Amino acid sequence: MTAAANTHFAPPALPDDERVAGDTTSIGAPAALAAAAAAALLAACGGGGGDSASGGPDSDPQNTVPPTEPEAARFLGQAGFAATATDFASVKSVGYSRWLEQQFDAPRTQSHYDWLVAKGKGAEANRYSLDGTDATLWRKLISSPDQLRQRVVLALSEIFVVSMNGLPIAWPQFATAGYVDMLEERCFGTFRELIEGVTLSPAMGVYLAMRGNRKEDAKTGRQPDENYAREVMQLFTIGLNQLNPDGTPKMVNGKTVDTYTLQQITDLARVFTGWDFDIDSADVNGLDFSYMKRPMRQNASRFSTGEKKVLDTVVPATADGAAAMKVALDTLSAHPNVGPFIGRQLIQRLVASNPSPAYVQRVAAVFDNNGKGVRGDMRAVIKAILLDSEARQRSTAPSGGKLREPLQRMIQWVRTVGMTSPGDLWAIGDTSNPSSRLGQSPLRSGSVFNFFRPGYVPPNSQLGTNNVTAPEFQLCNESTVAGYLNFMQSLVGNGIGDMKPDYTADLALAADAPALVRRHAQLMAGGDISETTITTIATAVATIKSDTDANKLNRVKASWLMVLAAPEYQVQK
């Protein structure tokens with residue numbers, strides 16, 4: 001960054017839908033300077049992984065008290081969204097492991113379902129509306145004190161994908177709310193409990209067409225829908241290829257080995273028949289939408305008869321729908337692929353895009369056995385991910401770390417500056433627009449394959465040349481870089497709706513530009529922003545006078561925007 005900044009920070013006068021992607025003339029010189037810096041992100045290297053070669057559980061988990069404040073901030077950026085003052089003090093006092101235990105035991109705040117009911121979203125006029133759904137999702141992501149749960153739920157929502165855009169039914173808002181509430185309830189239990197909750201969720205039943213799935217009919221030629229049978233294997237449990245314990249594919253004669261066949265999808269689809277909403281058909285058009293928070297129930301008349309198979313496991317003809325479902329989920333959950341397949345994706349969502357095979361193997365080993373003979377203990381898996389030496393030691397490799405997804409960046413900043421909604425409105429709305437907002441919004445993925453694929457390798461890049469997986473870069477292009485900056489510039493300058501940033505602590509440092517920028521850099525990046533970049537930003541901020549309260553506020557806003565734009569911040573190490 002070499003351009004000089006103006007002595008003021010001018011929020012854009014144009015509304016979101018009138019800004020032009022890539023046009024920095026509307027966001028003031030400090031923001032233009034930030035945009036120039038952020039453009040470098042398109043060529044940045046982000047990924048993950050270390051070089052440890054050992055397998056099995058980490059022999060030296062990093063469960064001590066963080067040695068420095070940047071390390072505490074870095075940990076909180078992985079285990080939650082932001083280094084709030086409360087969490088900062090807590091993790092420095094009790095240490096990593098105890099902080100995680102406190103978060104595991106933290107009470108849940110008001111459910112999404114109950115909030116929507118309290119806001120009157122169950123009125124007849126809202127039968128086919130998503131009104132309030134974005135608001136309640138932002139409400140918990142931004143304000144709930146159980147940061148770890150919210151971060152894990154967001155991660156799980158990007159693995160077991162349901163999109164509110166694909167729910168063409170009555171009460172889609174309550175279907176979405178019920179699904180996320182279920183993830184909250186089960187995210188710290190066992191994987192087996194979690195995958196059953198996912199499978200029998202009304203929202204998932206609609207999204208992947210298992211709800212109402214009927215047995216075969218020889219007269220009409222009807223066959224059970226195979227959609228969920230395919231995705232529960234491909235995306236939710238075992239993946240496409242047989243894996244080694246470290247997540248690398250098994251090879252036979254130089255080729256990968258499939259985990260299942262087309263016939264096995266057809267066989268499994270017969271198991272997933274007969275399930276529907278837990279409501280009497282006569283009431284489905286009424287105002288009782290409570291079935292959206294209950295698991296689907298079995299309708300025996302629609303369940304496929306005869307013997308069935310789940311991979312190589314036989315489901316006897318005597319098994320009813322519930323028993324057959326149990327065999328299917330037990331079989332898939334016990335498959336040796338699940339630990340490395342799901343473990344690697346959770347590492348990607350929390351710590352590193354390109355984790356080393358040794359890291360994956362250590363996490364998979366904990367998935368297989370938590371030390372007490374329990375398989376799929378999600379608490380143990382999450383602790384293994386966050387306390388692993390590769391998580392706690394900052395990577396210096398070009399492929400180290402991960403690109404912070406746009407949602408994570410925004411939530412982190414909003415939490416850091418203490419934005420709340422006094423009117424309980426949380427009116428951020430849908431942030432999916434890539435040219436004027438984030439190009440990503442909670443529970444609004446374009447498909448079951450999430451906003452980005454876990455195996456994505458950016459083409460025509462250094463990452464691609466080195467075959468480094470970097471999923472979030474699938475969202476990164478010229479349009480989304482400019483859109484993110486425009487949106488964040490508006491939030492920094494004005495807040496949104498009744499949500500306003502609290503700059504009290506920043507204004508106390510506004511006269512000292514280096515101290516101000518250093519504070520922002522530590523809170524957001526946990527020591528990842530270099531002194532060179534801090535000095536460059538501080539030099540630009542210092543060109544803004546600090547002789548009035550208005551100018552001091554402009555300094556604060558300029559510093560925040562340039563830190564948010566810095567590639568060193570956006571790539572979390």
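Author: Start with contact: it means heavy atoms within 4.5 Å. Residues 24 or more positions apart account for 75% of them. This is a predicted model, in which local features need pLDDT of at least 70, side-chain atom pairs count only at pLDDT 80 or more, and totals for chains, interfaces and linings use all residues. Residues are numbered from 1 along each chain as its sequence is written, and side-chain values use heavy atoms, with hydrogens and water left out.

Now the setting. The protein has 25 helices and 8 strands. Both are DSSP runs, numbered from the N terminus: helices are H or I with at least four residues, strands are E with at least two. Of its 573 residues, 58% count as buried. Buried means under 20% relative accessible area, exposed over 50%, and partly exposed in between, with a 1.4 Å probe and protein chains only.

On to the rings. There are 15 aromatic pairs. Rings of Phe, Tyr and Trp (its six-membered ring) pair if their centres lie within 6.5 Å; planes under 30 degrees apart are stacked, over 60 edge-to-face, and the rest tilted.

One of the pairs is Phe 75 with Trp 99. Phe 75 sits in helix H2 (residues 69-79) and Trp 99 in helix H4 (residues 96-104).

Tyr 113 and Phe 289 make another pair. This one is tilted: 6.1 Å centre to centre, with 55° between the planes. Tyr 113 is buried, at 7% relative accessible area. Phe 289 is buried too, with 11% relative accessibility.

Some rings gather in a group. Phe 160, Phe 191, Tyr 228, Phe 236, Phe 272 and Phe 367 form one aromatic cluster.

Rings can also sit under a charge. That counts if NZ of Lys or CZ of Arg is within 6 Å of the ring centre and within 35 degrees of the ring normal. Arg 392 lies over the face of Tyr 96, 5.0 Å from the ring centre. Arg 409 lies over the face of Tyr 484, at 4.5 Å from the ring centre.
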